[in-house]
Amino acid sequence: MTVQKPVKSGFNASSTASDVLRGLDLTGQTAFITGGHSGLGLEATKALTTAGVHVVVGARDVESAARNLSELDNITIFPMDLSDIASISSLAALVSANRYQFDYVLCNAGIMACPECRVGSGWESQFATNHIGHFVLVNLIWNNIRSGGRVVCVSSAGHHNSPIRWDDIQFSTGYDKWLAYGQSKTANVLFALQLDNYGKDRDIRAFSLHPGKIFTPLQRHLTNEEMAGEGWIDKEGNPIDPTFKSTAQGAATEVWAATNPKLNGLGGLYCEDCDVAALASEYSEPFIGVCEYAVDPAEALKLWKFTANLTGVNAFSDR
């Protein structure tokens, strides 16, 4: 079992992406961020470019990405749809042709609690977009990640809602949007764990994280009635949950996990509030920490093999 122990980072839930980068000179480094033009991804892109990083953004809507990023320097935008393996393969070819070498890969984009939708070979869309797409991307650009680099997967406390449903991963016998989201977020944690196991020989480490609760386009599939029922907003649509973070605070943990020197020599860890999280069993409150099934090495390897067989993509087929 991965040792989930806080490293006393000096940051907390109120820290922003700019806060965690203060004092770090990242000039000359390069990052790839999926969805780096919207929500938390946009905040991460802003913070990293300000610190001197060249950010390559993978975006499904290139025109929208160009508008959102128009005031930033040191940006490259490539088209990419995480729900389409052919699109990801085209992106990987562009990366290779341009000979990019990444110091950081932030698997940031995702969808949440959407209506039932099938993509690819009939795959459930949240599992496909949040997990399969990032799995294929990282495997195809693996040789474009520098030794010493980090891969960061944005998961969620939503992983508490579901382990991997081995008897029905694709929800072929009945769809539940929250269980589907939870499973996809568990998959993010397990993917980072197994990737770290494979990558540490090259000193490429992987982390996953819960960014916190933040109002972003991620909630676009939820009605006001649903969000009011969760206690997030009032009947007029005004935010009322004091535990919600700003987008700058929400992006902090992924930026911290990508860049902070306190994580040197570590990997395969799940983080929250700009530190390594403990196991969920160590907390009395719900949805805090990481569930043991999400950091189980046997589950991580099983999911890796399942996804590799499903997609035909595996940078570590010799392992």
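Predicted model: local features only at pLDDT ≥ 70, side-chain atom pairs only at ≥ 80, totals over all residues.
1. Gln 126, Phe 127, Asn 130, His 131, His 134, Phe 135, Val 138 and Asn 139 of H5 touch Lys 177, Ala 180, Tyr 181, Gln 183, Ser 184, Lys 185, Ala 187, Asn 188, Phe 191 and Leu 195 of H6. Sorted by class, this contact holds eight nonpolar, eight polar and two charged residues.

2. How do these two helices lie? The axes of H5 and H6 (residues 177-199) are 7 Å apart, at an angle of about 20 degrees. Angles under 35 degrees count as roughly parallel, so H5 and H6 are roughly parallel to each other.

3. H5 (residues 125-140) also packs against H10 (residues 297-311), here at about 85 degrees and with the axes 11 Å apart. H5 and H10 are therefore roughly perpendicular to each other. On the H5 side the contact uses Phe 127, His 131, Ile 132, Phe 135, Val 136 and Asn 139; H10 brings Leu 303, Trp 304, Phe 306, Thr 307, Ala 308, Leu 310 and Thr 311. The contact of H5 with H10 counts nine nonpolar and four polar residues, with no charged ones.

4. Another pair to look at is H2 (residues 39-50) and H9 (residues 252-259), whose axes come within 9 Å and cross at roughly 45 degrees. H2 and H9 are therefore oblique to each other, and the crossing is right-handed. Leu 40, Ala 44 and Leu 48 of H2 meet Glu 254, Val 255 and Thr 259 of H9. By class, the contact of H2 with H9 has four nonpolar residues, one polar and one charged.

Terms used. Residues numbered from 1 in each chain as written. Heavy atoms only, no water. Axes fitted to C-alpha atoms, helices over the stretch in contact; angles between N-to-C directions. Helix = DSSP H or I, 4+ residues; strand = E, 2+ residues; numbered from the N terminus. Parallel < 35°, antiparallel > 145°, perpendicular 65-115°, else oblique. Left-handed = near helix turned anticlockwise from the far one by under 90°. Contact = heavy atoms within 4.5 Å. Nonpolar A, V, L, I, M, F, W, Y, C, P; charged D, E, K, R; others polar.
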